[in-house]
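This briefing concerns a single protein structure and is intended for reading alongside the sequence and the coordinates. It is arranged by topic.

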Amino acid sequence: MALQKLAEFYPNYQEEIFAGDDIKGFDVYAGDSDEKVGTVYDALVDDTGRFRYLVIDTGIWIFGKKVLLPIGSARFDYGSRRVHATGLRNKAQAEQLPAYNELEPLDYDREEQVRGVYRNEGTATASTATPATPASYDRSSYSYDMDRPLYETNEQQHQNLKLYEERLIANKHRAKTGEVAVGKRVETETARASVPIEKERVVIDRVTPVEAGRVVSVGEADFQSGEVARMEVYEETADIHKEAFVREEVNVRKEVVRSTVEGEETLRREELDVKTDGTAVVDNKAI
C-alpha cells in the first residue's frame, strides 16, 4: 500500500484533523521517560487516509537520522506538545531502525525492517492483541491489521486523530453519445395521366330530294355563287402539368427516457478499540 506525506493527502490537515494545531515540531520522548529523542518531522498516511507512521527527526540524539514510529506506538500529549514514543524505548533500538529518506520510496521490505525492530522489542505485549507470527508475513497478502498493536489508534493516546469511514456516493454525468440530423431529399417518379378530349367535325350529307327531275320555271331557278352556310368547328386540347402541394409536416423533438442504474461497493469504516485495565471507567459517547 503506497504511503503519502500528511500534507500531500490532507492539504488542510491542521484544520481537518488537529483542530488548528500541527503535530509537526512536537517533541518526542522515549517511552514514558523524559529522555528527548527528537521531534516530529512529518507523518505518513496510507491511500485511505489512515495514519501509519510518524517521521521522527532524532536530531543530535542520533545525528542527522530520521526514523519511522508506527502510529500505534505513539501517545500524544497535545497540552505539552509532546509525543511519547511508547514503542521506542532506547537509543540502541533507534540505531537498529533503517534511516528514512523522503526521496526514496518506502516499499514493503523497508517497512518490514521497521516493523521487525518494534516487534522484537515486544511492543505487542502491551496489548491484548496477538500479532501474527513472522512466518505468516508475505508481501502479497500483508495488511496493517496483521500488526494491529503497531498501527491501531485509540481515544486515550490519539485524542485529536479523526476516524474516517467511506460512503457510497451516487452521481451522474451528462455526456454526448451521438446526434440525429434530419434532412430532406428529392425523389422522382414518372406519373401518367389521361384526359379524354373532344373535337368537332363537319359532316355534309348530300341527298337526292323527292322532287328531283321536276322542271322549274325560269323565275323559280335562282342561280348564284358565294357562301351558302357557315358552321364553327371546335376541338379540345389536353392540359397536363404538375403543381406542388404540402404532403406532410415533420416535427423534430427530444424525449428523456429514464432508467435506474444500480451499483455496489464495499465500504470501510474506522471504529475505536477502547481497552481498559483494572477498574477504569470509560465514558465513550459521541458528542
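The points below cover aromatic pairs, charges over rings, strand pairing and a surface patch. The model is predicted.

**Aromatic pairs**

- Phenylalanine 26 and tyrosine 78 form an edge-to-face pair, because their ring centres are 6.0 Å apart and their planes stand at 75°.
- Phenylalanine 26 belongs to the loop between helix 2 (13-16) and strand 2 (27-30), and tyrosine 78 to the loop between strand 6 (74-77) and strand 7 (82-85); the pair therefore ties together parts that are 52 residues apart in sequence.
- Phenylalanine 26 and tyrosine 78 are buried.
- Tyrosine 53 and tyrosine 151 also pair edge-to-face, because their planes lie at 85° with the ring centres 5.6 Å apart.
- Tyrosine 53 is in strand 4 (residues 51-57) and tyrosine 151 in helix 5, so that this pair links distant parts of the chain, 98 residues apart.
- Tyrosine 53 is buried, as is tyrosine 151.
- A cluster linked by ring pairs contains Tyr53, Tyr108, Tyr142, Tyr144 and Tyr151.

**Charges over rings**

- Lysine 66 places its charged end over the ring of tyrosine 41, at 4.7 Å from the ring centre.
- Arginine 82 has its charged end over the ring of tyrosine 29, at 4.1 Å from the ring centre.

**Pairing of strand 2**

- Strand 2 is antiparallel to strand 3 (residues 36-45), and three bridges join the two.
- Strand 2 runs parallel to strand 7, with four bridges between them.
- Valine 28 stands opposite glycine 38 in strand 3 and opposite valine 83 in strand 7.
- The hairpin of strand 2 and strand 3 has five residues between the strands, and glycine 31 in this hairpin takes a positive phi near 55°.
- In a regular strand, side chains alternate between the two faces of the sheet.

- Valine 180 is located in the segment after helix 5 (148-151).
- Valine 180 counts as exposed because its relative accessible area is 78%, and the cut-off for exposed is over 50%.

Terms used
Residues are numbered from 1 along each chain as its sequence is written. This is a predicted model: local features need pLDDT of at least 70, side-chain atom pairs count only at pLDDT 80 or more; totals for chains, interfaces and linings use all residues. Side-chain values use heavy atoms; hydrogens and water are left out. Buried means under 20% relative accessible area, exposed over 50%, partly exposed in between (1.4 Å probe, protein chains only). Rings of Phe, Tyr and Trp (its six-membered ring) pair if their centres lie within 6.5 Å; planes under 30 degrees apart count as stacked, over 60 as edge-to-face and the rest as tilted. A charge sits over a ring if NZ of Lys or CZ of Arg is within 6 Å of the ring centre and within 35 degrees of the ring normal. Two strands pair if DSSP finds at least two bridges between them.
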